[in-house]
Amino acid sequence: MSEESKFDFSEEEIKKEEAVEQSKEAVKKDVKGLWESSKTFLNELLDFRHDTDRDATITAIKGDVSFKGATAWILVCSIMVASVGLNANSTAVVIGAMLISPLMGPILGIGMAIAINDIDTLKRSLINLATMIVLSLLTAFLFFKFFPLGNQETSELLGRVKPDIRDVLIAFFGGLALIIARTKKGTIASVIFGVAIATALMPPLCTAGYGLADGNWAYFLGAMNLFTINTIFIALATFIVLKLLRFPMLKYANSAKRRRIAKFAALVAVLVMIYPTITFLRVLKNSGLENDYNSFIKEEVDSNHELWFQDGTPNWEEKTIALYFNGEVPDATIADLNNEIKKYDKIKDFVLDIKGNKNRSFDKIVDAYDRAIRDLDQKDLIITGLQKQVEELQTNITNLNKQIESKNSSNNAVSFTNLSRDAKVRFNDLEFFGYSKMLESKDFINIDTVTVANVRWKVSLADSIVVAREKALQEWLQKELKADTIVIKRN
């Protein structure tokens, strides 16, 4: 073989290599095409900019900002309906009040005004929102102050006094859904109604009015905090969406005025962002602390059935947890709880203040003693009832014996009671006595009746004495029973 033939590839091998290269290129094209198709699909699925009507959205939001005439009366009516629903603990009534509430208009106006630098709309929105809040608080205050059943704390009321991280998320994502629906060509009414229900602007204001009427400032501040969270995060969502959609900024003839307004709007936006950010972080932190605290109580405290856990009072600011127990808590248990709390990241630095109560322990013992006494009394009653039943049975037996003896006496028979008593008197060594009539047949044809007496004597008696006593007993029984034959059998 020549040197040239060693490196001479056949035409078939070259074709195979070309086919492999073509396959690789085809795969690359398919992957690239799949990526482009997926990207196009996701853009078409999630992009809502092409379906936005900017002019109609701005006009609609500005139209909802106004607050006068019919809008004011609608607000008063919705507040009254919500107050009645909270007082009656009726979720359906509260939802109805949310649907007719006009509070959402000025809030969207605030978010839009900041997004497009519309200072006039911002002023109108803030003034109208403040007016709505004051009117709502006044209406709710009057209802709960003078309504005969206005001071009842219901679960619907209590559910609006302590916001948590879930309320923040509901307000923000509800606001996103609302403004996206408002910017769409042909507003989706069902989304607006759903957001009105989910974000719940009316109930916190009614609860705040209840707090004012009842003099409960904790309820008032908690409810107003929830309303503020809802308001700011809905406005924040509006601001973000309108910025993403690049709504046109309002133009002013005076460039200096435009710059001042832009700076003022930016300042307001920053100030508005501070509170929700701080609120979100605080609520998020508190939620984490509460989750760890609840897990600690459930897994480490409640699971210990030897402890009589009463209550726990965490203090998030001072980083302490007070645990109250009914009864004494052993030192080993205290040390164990202090070690176990370190497993929970959010509260591992908290100090446990474990408080036992000896008096409570004594009370538990007294309660147990009282329960035992009650059980014994119940058992005594049962025993007394059983004894009464026994006595009644004994009386029935005595009566039956008397009836049998009277029947026998009527047949000229001797009373067994008298006979057995006399037998015991005459024969002191007798321990058992009984007699009955027995049928017998010697030739299996003729039947005779004989009287059989069953007796048992004291074991200490000699056989000779027993024989003599039985003979005497036989003679005495023949006389008493007037029988010719008496058969004595030892029992």
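Which residue in β5 does M438 stand opposite? In this predicted model, local features need pLDDT of at least 70 and side-chain atom pairs count only at pLDDT 80 or more, whereas totals for chains, interfaces and linings use all residues. Residues are numbered from 1 along each chain as its sequence is written, and side-chain values use heavy atoms, with hydrogens and water left out.

**View 1. The open sheet of three strands, in the order β4-β5-β6.** M438 stands opposite V450 in β5; strands here are DSSP runs of E with at least two residues, helices are runs of H or I with at least four, and both are numbered from the N terminus. The pairing in this sheet is mixed, two strands being taken as paired if DSSP finds at least two bridges between them. β4 (430-440) and β6 (486-490) stand at the edges with a single partner strand each, so one side of each has no neighbour in the sheet. β4 and β5 (residues 448-457) run antiparallel and are joined by 10 bridges.

**View 2. Helix α17 (residues 463-481) on the sheet.** This helix packs on the sheet and touches β4, β5 and β6, contact meaning heavy atoms within 4.5 Å. The direction of α17 makes about 140° with that of β6; axes are lines fitted to C-alpha atoms, for helices over the stretch in contact, and angles run from 0 to 180 degrees between N-to-C directions.

**View 3. The largest nonpolar core, of 52 residues.** Such a core is a set of buried Ala, Val, Leu, Ile, Met, Phe, Trp, Tyr and Cys residues joined through side-chain atoms within 4.5 Å, where buried means under 20% relative accessible area, exposed over 50% and partly exposed in between (1.4 Å probe, protein chains only). L103, M224 and F227 touch the most other members. Several helices each supply at least two residues, including α3 (54-65), α7 (119-146) and α12 (217-244), and α12 gives the most, with 10 residues. Leaving aside neighbours within four places in sequence, L103 is in contact with L75, M132, L201, M202, L205 and F227. Apart from this core lies another, of 17 residues, among them L289, I341, Y344 and L352.
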